[in-house]
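Here is a short briefing on one protein structure. Look it over first, then work through the points below.

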Amino acid sequence: MSSDTGTKKMGLVGLTVLVAVNMMGSGIIMLPASLAQVGAISMLSWVVTALGAMCIAYTFAKCGAFCKRSGGMSAYAEEAHGKSSFFISSYTYYVCLVISCVAIAVSCLGYIKPFMPWLDTPMHTFYGVVAILIFTMVANFGGAKITGQISAFTVWGIIIPVAGLSIIGWWWFDPQTFMNAWNPHNDTTMHSVSSGIALTLWAFLGIESAGANSDAVENPERNVPLAVLFGTGFAAIVYIASTGVIQGIIPNSELAASTAPFGLVFSHMFNPMVGNIVTLAAVIACIGSLLGWQFTNAQVSKAAADQGLFPKIFAKTNKAGVPVAGMLIMLAAEILLAVMTISPNLISQFNALLNLAVFINMVPYILSMTGLEVLLRKNAVSKKQYRIGATVGTLAVLYSIYGVYACGETAVFGGTILTLLGYIFYGFIAARDTKPEAKAS
């Protein structure tokens, strides 16, 4: 390769920034309120999750480097578990994104509430969530270019306040306020850490896409895993710092009841006008994030339909190349889920959706990461590379299983039912692709 070609590729620093920015979307904006219900002891959950997330990120980076065919997590899963796991990984990832979109819409509504207090009743909350889902879905009908441009711009509406708080917020930090919030329910350390694991893991969902840019990177075998580790580590530092400092500024009871915690903390630090600006920026960031995830999920289902794993209707597109019919089906599923998770208060609804999304997402995570050993053997890596990859991959899977446990009985029960329903669908697909055996004469 000539040096001229090499200069056009992304280096380690550029890829590290890209990984960190992609990870730091709207998933963090409701977490301070949810974590306040556990207490400041949830900082320990962040540490455990940061280590687990780095193992997961490294494992996916290695899988992406060694898997030579398309399909992402589904393709990694098929390496170890066969064709059915390709479908189940695609199906559960699709379901997870449907749940995540509803959770993001709930987060968005939480930040709108300070401007529209009448959204406080469960039915008004439901109508607001549905309106946000419909708006972002219809906005996607213009095509990928428009969606990409909007999402790339709006994501900074949450990254800048969160990163800024993690740096300047310490000037307002009160150690006594933080200690008063440490363990408000007097739970054991193990129980408190576990209670916070699913919440903190939510912020790292999407980590599977961290190694997706290897073709555009200089020396990808070295730089992709390093960028994934550095990018994930940077995101973890910002997450820990921002949620830690906010618990030393806002009293625990007030923070736990807030539906717009980052707007609230900037109001405390400066004045209500600054808080409102941050709140509005978070709303815009949520809208942009929803645009991106709605489009991503439509493409996931279209790709599965193109391979004959989803019904053909998911593959039909309009003139802009957008699978509108598949999007409308997805919208119907999201509205149904919004109905099923209506709660007396918005934070309870968000937590229920978050736990369910995390559990469902651990299914393709575990299936795909257990394919790393097969990929390492196929690519005849050295013994040292195999030992490192297999060890980190095993730790990533064990952490993911711990994440399943931390989601709680309700989420695991509901998520298991949803996962098993997928096997019914796969039964029809497997039957369709099976050729009759020739009868013996």
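The structure holds zero disulfides, a disulfide being a pair of cysteine sulfur atoms within 2.5 Å. This is a predicted model, where local features need pLDDT of at least 70, side-chain atom pairs count only at pLDDT 80 or more, and totals for chains, interfaces and linings use all residues. Residues are numbered from 1 along each chain as its sequence is written, and side-chain values use heavy atoms, leaving out hydrogens and water.

**Cysteines**

- A disulfide is a covalent bond between the sulfur atoms of two cysteines.
- The cysteine sulfur closest to that of C55 belongs to C63, and it lies 13 Å away, so it is too far for a bond.
- C55 is buried, at 18% relative accessible area. Buried means under 20% relative accessible area, exposed over 50%, and partly exposed in between, with a 1.4 Å probe and protein chains only.
- C407 is in no disulfide either. Its nearest cysteine sulfur, in C96, is 10 Å away.
- C407 also counts as buried, with 5% relative accessibility.

**Helix α7**

- Helix α7 covers residues 122-139. Helices are DSSP runs of H or I with at least four residues, strands are runs of E with at least two, and both are numbered from the N terminus.
- Why should α7 span 26 Å? It has 18 residues at 1.5 Å a residue, and the expected span is 1.5 Å times one less than the number of residues.
- The end C-alpha atoms of α7 are 26 Å apart, which agrees.
- Its buried residues include F126, V129, I132 and L133.
- Among the elements that cover the buried residues of α7 are α6 (83-112) and α15 (272-306). Others are α16 (324-340) and α17 (346-369).

**The second largest pocket**

- This pocket has a volume of about 940 Å³.
- Of its 32 lining residues, the closest to the centre are Y91, V95, A333, L418 and L421.
- Helices α6, α16, α17 and α20 (409-432) each give two or more residues to the lining.
- The largest share, nine residues, comes from α20.
- By class, the lining has 24 nonpolar, six polar and two charged residues. Ala, Val, Leu, Ile, Met, Phe, Trp, Tyr, Cys and Pro count as nonpolar, Asp, Glu, Lys and Arg as charged, and the others, Gly among them, as polar.
- A pocket is an open set of points on a 1 Å grid over the protein atoms alone, where a 1.4 Å probe fits, with protein on both sides within 12 Å along at least five of seven lines. Lining residues have an atom within 4 Å of a point.

**Residue V245**

- V245 sits in helix α12 (residues 220-246) and is buried, at 0% relative accessible area.
- V245 touches L165, G169, W170 and F173, leaving aside residues up to four places away in sequence. Contact means heavy atoms within 4.5 Å.

Methods. Grid points are joined across faces, edges and corners, and a volume is the space filled by probe spheres set on the points.
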